[in-house]
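Dear colleague,

I am handing over the structure we spoke about, and below it you will find a short account of what was found. Please read the text with the model open beside it.

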Amino acid sequence: MPEISTHSRNPALLTGRRILVVEDEYFLGDDIRRALRSLGAEVIGPVANIDEALQILDGGYPLDGAVLDVNVRDQMIFPIARGLTSRQIPFVFTTGYDETTIGPEFAHIPVWEKPIDVAAMVRGLGELIRTQA
């Protein structure tokens, strides 16, 4: 499988950042994990279910950002998104659904529609984290 190109002007954009990935599609989750690591991130996951993601979030594990699939094994990701929002942890959504599925509560969150450009999404998350730091 070819490596994902994440070349940017700042290849260390996510160095030392801890990023939670919640994605139930194995190959996409692995692509996201590899792309995040190529920019220096420590990746937690990919986590393929909501309960495990809640355990990580509620366990006090320090997080700097997250990539959340909107629908994980037929469950909506919104409890995780609310937890991240309350902790002021930046995140992005990935989805195969129409953006209207997300609703107005999260209208300010960047959405990457599947099939996603993984490298661009990861760079976008890095910039989001940098600007909110």
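Which strands does helix 2 lie across, and at about what angle does helix 2 run to strand 2? Helix 2 (residues 50–58) lies across strand 1 (18–22) and strand 2, and its direction makes about 150° with that of strand 2; helices (H or I, at least four residues) and strands (E, at least two) are DSSP runs numbered from the N terminus, while axes are lines fitted to C-alpha atoms, for helices over the stretch in contact, with angles from 0 to 180 degrees between N-to-C directions.

Please keep in mind that this is a predicted model, in which local features need pLDDT of at least 70 and side-chain atom pairs count only at pLDDT 80 or more, whereas totals for chains, interfaces and linings use all residues. Residues are numbered from 1 along each chain as its sequence is written, and side-chain values use heavy atoms, with hydrogens and water left out.

The sheet is open and has 5 strands in the order 2-1-3-6-7, with parallel pairing, where two strands pair if DSSP finds at least two bridges between them. Its edges are strand 2 (42–47) and strand 7 (111–113), each of which pairs on one side only. Strand 6 (residues 91–95) and strand 7 pair over 3 bridges, and T95 has E113 in strand 7 as its bridge partner. Helix 4 (residues 118–132) packs on the sheet and touches strand 1, strand 3 (65–69), strand 6 and strand 7, contact meaning heavy atoms within 4.5 Å.

Returning to helix 2, its buried residues (under 20% relative accessible area, with exposed meaning over 50% and partly exposed in between, for a 1.4 Å probe and protein chains only) are I50, A53, I56 and L57. These residues lie on the same side of helix 2 because they cover an arc of only 120° around the axis, the arc being that of the directions from the helix axis to the C-beta atoms. The face turned away from that buried side carries the exposed residues D51, Q55 and D58. The buried residues of helix 2 pack against strand 1, strand 2, strand 4 (71–72), strand 5 (75–76) and helix 3.
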